[in-house]
Amino acid sequence: MSKQRPERYTFDGLPLDEVAAGSTLLVAGRGRLASKLAQRLVLAGQTASEGAILVSTNTTGRALADNCVDQSPDPDADSLGIVDATGRADAETDTGARIETVSSTADLTGISIRFSVLYSSLYEKGFTRVRTSFDSLSMLLLYTNPKTITRFVHAIAGRVSATDGFCVFVIDPSMHDSRIVYTLEHLCDGRIDVRGEEAGDSLQVSGLPDQPAEWTSVDLDP
Amino acid sequence: MRNTTVLVVDADEQARTATVETLRTGLESVTIHTAESLTAARETLDRERVDAVVTAYELGDGNGLELADGLHSTDPATGCILYTDQTALDTEAVPDAIVEFVHRGMPDAERRLVALVEEASIQQSHAPYPLVDSEADRLDAIEDYIRDTDATAGPLERLTRLAAAYFEVEVVSVNIIKQRTQEFLATSGPAWPPEKRSDSLSTHTIVNEESVMAVEDVGEDPRFVDNESLESTDIVAYLGAKIETPEGHALGSLCVYDDEPRTFSAADKAYLELLADLVVDVLMLDHGNTPEPPGETREGRR
């Protein structure tokens, strides 16, 4: 009997087709746009069997948890885990979300371990599929060298692939040498670029089949 | 069937034995080494190449994160999984020791451990460098195409001397990128020993979007910052053309090295690409295949 293919990931309210389980994507854009899109990719379309992990170097755990609960029409804080990698240890929340903290954004060991802890914790609660956002690689690259970041992305993508998860890494390409961005992009299964203009925000996808290859309007503030 | 080699490190003999049993049961073909301390683990790693390390946290004479940190320096592509029921871990002391973590006491921990070892060893998921999508097929192609190096040495060396004359450099080499190392099939200069794949320029050439990768000054390229191996050489500028089989597998690259910054023209790149195609022809003849007919281009092969 052949092994059943895992269900693909869907994204409510976004102009994106389904993505295969086990995929890792690079979300590239300037300012807050890429962060917003990454958060939507993780939280939109989340099913009852899916957990979500948000790893942030920019927004504290408390602020993220409050924001997620405020934005969701039917918040299930039990399905949410947060790694606060800001170094500010602002993790007190009554939302019910589990928040892990690291003492410094430079502590990639701590980030990778706390991510694993949350991943396991969600599995124990019955969330056998996990969506993850790492926001952002740009900040991590300020603290450590590209080779270490390459290992980090590779290891996370490996876990996501092994567990049929879904993961996005946020980066602002304008902050980095294009050769570094290319190397990191190569570690992922595809790339979504997002931009904002007066007429509105738009995205385009490369490296994945059946996705909008041309700039396509997107509403990141539904 | 590919064999996986794992080092299991745990100061607790009972726990160590249990982990060994978990891996023997879960992995189809596995060789397991064991160590009871940080020192013993490092001694084993000096002697044996392993695909993955599964380590407890407390090791008596150190901890598992220190082991992982050292491992990343000596064998960067080896995956490390922290398998422990401890949660108070001093990660600040070793901030770059990126590890997988499996809490020993959690339900399904054993299955998760086996899955992560498989991922680390087969997919090299802890490597600090990019891999091609079909890395396993590429490695098989190397086994297939690189057979009788004595028979190909003469023709390949002559090709490197042709390139050295054209580019007016001392060193041109034919490099093969194996699973963990870069090895040299031929060179116009002095023979070099194999080096770590993580330190090699050609590691990036084989995943480059275009067939030829140029680095005008390695000191200015952020991909090669803190590369002690490169810093110990005279290499400043680099031009590498993929050595790609008709099936599309990049075995390695034909490389030009200069000892000062240099810009390479489109004609330079085209010439090196042509010579790289000749390298493939030599390998194909040795492989028992017929090289592409005249006029057939790399693009045409695709």
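This is a predicted model: local features need pLDDT of at least 70, side-chain atom pairs count only at pLDDT 80 or more; totals for chains, interfaces and linings use all residues.
**Exercise 1. Strand 2 of chain A**

Which residue in strand 5 of chain A does A:Glu50 stand opposite?

*Solution.* 

Step 1. Find the partner. A:Glu50 stands opposite A:Arg129 in strand 5 of chain A.

Step 2. Widen the view to the strands. Strand 2 pairs with strand 5 (residues 129-135) of chain A in the parallel sense, over seven bridges.

Step 3. Look for another neighbour. Strand 2 of chain A also runs parallel to strand 3 (residues 80-84) of chain A, and five bridges join them. Here A:Leu54 has A:Ile82 of strand 3 as its bridge partner.

Step 4. Sort the side chains. In a regular strand, side chains alternate between the two faces of the sheet. In strand 2 of chain A, A:Glu50, A:Ala52, A:Leu54 and A:Ser56 point one way. A:Gly51, A:Ile53 and A:Val55 point the other way.

Step 5. Check the cover. Buried means under 20% relative accessible area. Seven of the seven residues of strand 2 (residues 50-56) of chain A are buried, so the strand counts as mostly covered.

**Exercise 2. A sheet in chain B**

*Solution.* 

Step 1. Zoom in on one pair. Strand 6 (residues 171-177) and strand 7 (residues 181-187) of chain B pair in the antiparallel sense over five bridges. B:Ile177 has B:Gln182 in strand 7 as its bridge partner.

**Exercise 3. Two surface patches**

Describe the negative patch of chain B and the nonpolar patch of chain A. Classify one residue from each as buried, partly exposed or exposed.

*Solution.* 

Step 1. List the negative patch. B:Glu36, B:Glu43, B:Asp46, B:Asp61, B:Glu66, B:Asp69, B:Asp90 and B:Glu92 gather on the surface.

Step 2. Find the helices. Helix 2 (38-47) and helix 3 (64-74) of chain B each supply at least two residues of this patch. B:Asp69 lies in helix 3.

Step 3. Classify B:Asp69. Its relative accessible area is 31%, so B:Asp69 is partly exposed.

Step 4. Turn to chain A. A:Leu142, A:Tyr143 and A:Met175 form the nonpolar patch, with about 330 Å² of accessible area together.

Step 5. Classify A:Tyr143. This residue sits in helix 4 (residues 137-143) of chain A. At 46% relative accessibility, A:Tyr143 is partly exposed.

Notes. Residues are numbered from 1 along each chain as its sequence is written. Chains are lettered from A and ligands numbered from 1 in the order in which they are written. Side-chain values use heavy atoms; hydrogens and water are left out. Patches are made of residues with over 30% relative accessible area and no salt bridge: like charges are joined within 9 Å, nonpolar side chains (Val, Leu, Ile, Met, Phe, Trp, Tyr) within 5 Å. Accessible areas come from the Shrake-Rupley method with a 1.4 Å probe; for residues, only the protein chains shown count as cover. A salt bridge is a side-chain nitrogen of Lys or Arg within 4 Å of a carboxyl oxygen of Asp or Glu. Lys and Arg count as positive and Asp and Glu as negative; His and the chain ends are not counted. The place of a charge is taken as NZ of Lys, CZ of Arg, CG of Asp or CD of Glu. Helices (H or I, at least four residues) and strands (E, at least two) are DSSP runs, numbered from the N terminus. Buried means under 20% relative accessible area, exposed over 50%, partly exposed in between (1.4 Å probe, protein chains only). Two strands pair if DSSP finds at least two bridges between them.
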